[in-house]
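I set out to look up several features of this structure and to note each one in turn. The entries are kept brief.

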Amino acid sequence: MKNSIIFKVLIIMMIISNAYPRLAYAYLDPATGSMVIQAVIAVVAAASVSIGIFWRRLKSFFGRIFGSKEGKEHDANDN
Amino acid sequence: MTTNSGSFRDPFGCILTKDGEIYRSIFPPGVEDFKAARDAGVYDKLIGANLLVSHQEVAIENWAPEETVYCLKHPRLPFISYPWEWCFSMLKDAAILHLEIMEELVADGFWLRDASAFNIQYDGERLRLIDTLSVGQRIADSPWVAYGQFCGHFLAPLAAAAYRDIRTLSLWRNYIDGYPLDLASGMLPLGKRLRPGLLMHLTLHSRAQIMADRKEDIGKGDRSAGKPKVSDRGLIGLINSLRKTVKGINWKRSSEIWEGYQEIRTYQDEDVAKKSEYVDNVVKRLEPEMVWDLGANTGEFSLIAASEGAFVVSIDGDPACTEFLYQHISRSDSIKNILPLTMDLANPSPALGWDSRERLSLRERGPADLVLALALIHHLVLSAYVPMPLIAQWFGGLGNHLLVEFVPPSDPMVKKLLANRGEEHLPYSLDVFQSDFGNVFNFIDQISLKNGRILFLCERKKK
């Protein structure tokens, strides 16, 4: 699920990026590009981690209310 | 004392060999991270989880480099191998190992300063990170400094191997600091290039690298003011995404050689049993610590040698064979002391890297106590056109003892090799074999199989 969200966000970037020409090779600093793309991916990835945490808590909450086994298990894991 | 030629790039420390023992010197730039990791119990945690090679702090002796602040002693590894020799799943496991370690570290406020495939080695039980100094304190809100390296060392070669051709793994020999991402991305079929994980970490990543190098930035110096940021949660998300992407890359082999080998083998079960028994007896008799099985196929005889306690480096040119053996050992609970490596034996691993001294050739990593060359030399003479005397000399440089199988010209497999060559081939006969190998080795034992093949046990002549 997570990867597909990031996919949708970044497909736009790919379309934009096609407009850029390739530049001088000798002074290429690939590390800068890695940092930039990583920061973009991380923003979306962080959101999906948060959603994951929220989702587990939500399941655990309803699990407690309805007394399901799943809810108890999640409680144990959270602790 | 000698300094390991593969560790000169790291300003934090270096690896030393003294009297056959392995030490690590930690220099002033590496002290802060080392102390922080040690005091936080991070090393103990990783070592306990079988992720990192163990160490003990030892007193600094006078042979250590002058700038040494701490000295660690590591257990000696049986054999150093390089990614251009690894099978697909070994590279994939090494990638996942990096991500597992990252996950452990990030929780404690640490991370890996680099993500180099060379930092992972097989120790006879499992893959482990061998570079203790890769562990560093996480720079708050900073992107993972080794992200680009991880993609070049793992994601790019794995994707190219799985989705273009498994043989692209040999590109490692040229790109020893990881594959250029645009090269790997360009090799992928469009459908694979657009897969979410690969699109992000490979395709767009390579474009971002190209876009980042702007002509107008030249001479502007420090660009740290606008540095991108990555939160802890973002970093965890990034690691999760990388892991999902790596795990999703699967190589579907097209070769049927694993299942087919038993069928194409032309000799009888009786001969197989006799050959296996002889290999077993030779290993029992010589008690070698290190065996190199050259042309090992799926490792039938490597397994025999390993079952007697030797560490076996099992080499074959077919990536499907090494993959098969690697998976066999990964699943096995008992036999772990085999390292399968892919290598064309007519073009064995050369010395590579800076000044051709950074990564060692196959020969430089020897000698082995025993070399197995079973059903190999007819391939070298008749397919690779290597004259018999050169083969004998080469074996002489690889090991002290040699168990070599001579396959006679009348054998169906030799006839098959010669089918389209007529008489135009290098000299190949029992006389030629005995004469050329006799110049380098003493024959100390031999056994003939019913099918006409002969196994010779040889010992290298003293110089």
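The entries below cover conventions, the pocket, cysteines, backbone and aromatic rings.

**Conventions.** I note that this is a predicted model, in which local features need pLDDT of at least 70, side-chain atom pairs count only at pLDDT 80 or more, and totals for chains, interfaces and linings use all residues. Residues are numbered from 1 along each chain as its sequence is written, chains are lettered from A and ligands numbered from 1 in the order in which they are written, and side-chain values use heavy atoms, with hydrogens and water left out.

I looked up the largest pocket and found a volume of about 1,500 Å³. A pocket here is an open set of points, on a 1 Å grid over the protein atoms alone, where a 1.4 Å probe fits, with protein on both sides within 12 Å along at least five of seven lines; lining residues have an atom within 4 Å of a point. The volume is the space filled by probe spheres set on the points, which are joined across faces, edges and corners. I recorded 48 lining residues, and B:Asn4, B:Gly6, B:Ile80, B:Ile130 and B:Arg359 lie nearest the centre. The lining divides into 19 nonpolar, 15 polar and 14 charged residues; Ala, Val, Leu, Ile, Met, Phe, Trp, Tyr, Cys and Pro count as nonpolar, Asp, Glu, Lys and Arg as charged, and the others, Gly among them, as polar. The largest share, four residues, comes from β2(B). Strands (E, at least two residues) and helices (H or I, at least four) are DSSP runs numbered from the N terminus.

**Cysteines.** How many disulfides does the structure hold over all chains? I found zero, a disulfide being a pair of cysteine sulfur atoms within 2.5 Å. The sulfur of B:Cys71 has its closest cysteine sulfur in B:Cys14, 9.2 Å away, which is too far for a bond. B:Cys71 is buried at a relative accessible area of 1%, and B:Cys151 is buried at 0%. Buried means under 20% relative accessible area, exposed over 50% and partly exposed in between, with a 1.4 Å probe and protein chains only.

**Backbone.** I noted a cis peptide bond from B:Gly366 to B:Pro367, with omega near 0°. B:Pro367 lies in the loop between β12 (338-342) and β13 (368-373) of chain B. The loop between β12 and β13 of chain B also holds B:Asp355, a residue other than glycine with a positive phi, near 60°. B:Asp355 is exposed, at 53% relative accessibility. For B:Tyr385, phi is likewise near 60°, and this residue is partly exposed at 45%.

**Aromatic rings.** I counted 24 aromatic pairs over all chains. Rings of Phe, Tyr and Trp (its six-membered ring) pair if their centres lie within 6.5 Å; planes under 30 degrees apart count as stacked, over 60 as edge-to-face and the rest as tilted. B:Trp84 and B:Phe118 have ring centres 5.7 Å apart and planes at 65°, so the pair is edge-to-face. Both B:Trp84 and B:Phe118 are buried. The rings of B:Phe433 and B:Phe456 are tilted, because their planes stand at 40° with centres 5.0 Å apart. The charged end of B:Arg359 sits over the ring of B:Phe118, 3.9 Å from its centre; the rule asks for NZ of Lys or CZ of Arg within 6 Å of the ring centre and within 35 degrees of the ring normal.
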